[in-house]
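Here are my notes on this one, as numbered points. Have the coordinates open while you read.

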Amino acid sequence: RRVASALRFLKRARVSMLAATTTPSRSMLRAPTLRALLRRPAASVASGTSPSSSVFPASFAGTGRGGSRFRFRCAAASEGGGRSVTTVDVDAKKPPGRGQQMIDLQPVKGTRDFPPDEMRTRTWLFQHFRDVAASFGFEEWDAPVLEPEALFTRKAGEEITTQLYNFADKAERRVALRPELTPSFARLILQQGKALATPAKWFAIGQCWRYERMTRGRRREHYQWNMDIVGVSGVEAEAELLSAITTFFKKVGVTEKDVGIKVSSRKVLQAVLNKFHVPPENFANVCVVVDKIEKLQRETIVDELAGLGLTRDAIEGILGAMEIRDIDTLEKLLGPDSDAVADLKTLFEQAKAYGYYDWLVFDASVVRGLAYYTGIVFEGFDRNGELRAICGGGRYDKLLGALGGAEQPMVGFGFGDAVIMELLNDKGLVPETLKVGNVDDLVFPMSASLRNQAIEIAQKLRNSGRSVDLVLENDKKAKWVFKRAERIGAKRVVLLGEKEWENGLVRVKDLETREETDVTPEQLC
């Protein structure tokens, strides 16, 4: 009865069934059974030899809620009184894995894992990004993926502000995972202050996060290659960046028949709005709607523009202007003195000098959805129309001012990894060699007695600059070794056999020619 009484007390007191130590509370001490236990000498409680040990054993096992086992012990600190402890222990002898559910092995929805075979492809892609940027004289930068939320929450009702992974941290600071790299870049430029030497040419490859609807080539995380130029106000900067983009395409085997780059200017839409006396404060909101022209029905676009207070004439004028596909027609609409027309003519002329004129397509409807763009804008697209935008960018001279700094001329682009990989896979342009590793030598001691000699050879080869995989187990057979060599893409297998080693030789099998030769260890390098 007393044991049952103690168990009921534990249930009422909600004593945690964890391996923890705690001082009894006042409510616990009011329980008669526990109070009697605490009065008993520690030795008698621990040994259970006291005449009253039958009242409540020093240690007993019972079954808790859900059938879990637990252990309860009480002991006084000393015979004369002092603090006593109550310990509730989870049964440590429970067989591992019993009653445990396997964790979800898939990555969070919208994200990706990169096991070695996928990582090889990603590394290959990123190396092309870096090589192109370096060939144009750009320097690499990076910043934390976690930024202040205010860096990304701009006006104009941008869709991106509704897609943030944002939250309050433990100090109640509002933070967000960056959805793009440009604001972080702008923060670093402001941080440099007057110490920044211009023109500054920076590039980055960073992970970005957006909680958005997933489609082909669109995930909730992706890596983005950015190239930006600070301090050049002319379209020469845009022309240089477009050359970098087309250079990358050529390096990975993409041609102007596969991909085109739509080009326009925000100044085109601004001029049209001015013509119909649309208030300047409506410009950013109109850009957001116009950016959806290829995604939504015309009626929906008309309704959204009307919702911004635009007249029927203004709406028809905007939609008519956005259908223009050659600069001569644009010049007739805006006049020969238009800044937009002048910029576009210069850009197309320089594209001929660079050699990528055939990649460009003038499309007045390209405005890009982000509010900070101010001039030339461009967007890479799949000519088959099966994929979303491959890359995009433009001029954003006012972004630093929006962040509280002094304005500077700035232009750049963002190029995601997801869509380009879809295109490269569709075109069969991902190298077959990426399907396996890239190891020069696999060293295999055929006897455990030759382990140290194999280690020395492997180290010598590594020190000479070769990549070497050393077989670490002593029980592997030659068949297993050659299968592994094929799996890791080894070019040679170096075998240490006892007879060969006695003669000062090792056997080398070239996996490309399938030839075997015996050489001295010195000849391996």
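1. A word on burial to start: buried means under 20% relative accessible area, exposed means over 50%, and partly exposed is in between (1.4 Å probe, protein chains only). Salt bridge here means a side-chain nitrogen of Lys or Arg within 4 Å of a carboxyl oxygen of Asp or Glu.

2. Before going on, keep in mind that this is a predicted model, where local features need pLDDT of at least 70, side-chain atom pairs count only at pLDDT 80 or more, and totals for chains, interfaces and linings use all residues. Residues are numbered from 1 along each chain as its sequence is written, and side-chain values use heavy atoms, with hydrogens and water left out.

3. How many salt bridges does a search of the whole structure find? It finds 31. Some share partners, and in this way Lys-262, Glu-294, Arg-325 and Asp-363 are joined into one network.

4. Have a look at Arg-216 and Glu-422, whose side chains meet in a salt bridge at 2.9 Å, N to O. The partners are 206 residues apart: Arg-216 is in the loop between strand S9 (200-209) and strand S10 (221-230), and Glu-422 is in helix H15 (residues 417-427). Helices (H or I, at least four residues) and strands (E, at least two) are DSSP runs, numbered from the N terminus. Arg-216 is partly exposed at 37% relative accessibility, whereas Glu-422 is buried at 19%.

5. Arg-174 and Glu-149 also pair through their side chains, with a salt bridge of 3.2 Å, N to O. Arg-174 sits in strand S8 (residues 174-177) and Glu-149 in the loop between strand S6 (146-148) and strand S7 (165-168), 25 residues apart. Arg-174 is partly exposed, with 42% relative accessible area, and Glu-149 is buried at 14%.

6. On the surface, Met-102, Ile-103 and Leu-105 make a nonpolar patch with about 380 Å² of accessible area together. Patch residues have over 30% relative accessible area and no salt bridge; like charges are joined within 9 Å, nonpolar side chains (Val, Leu, Ile, Met, Phe, Trp, Tyr) within 5 Å. Areas come from the Shrake-Rupley method with a 1.4 Å probe, and for residues only the protein chains shown count as cover. Met-102 lies in the loop between strand S4 (81-90) and helix H5 (116-135) and is exposed, at 64% relative accessible area.
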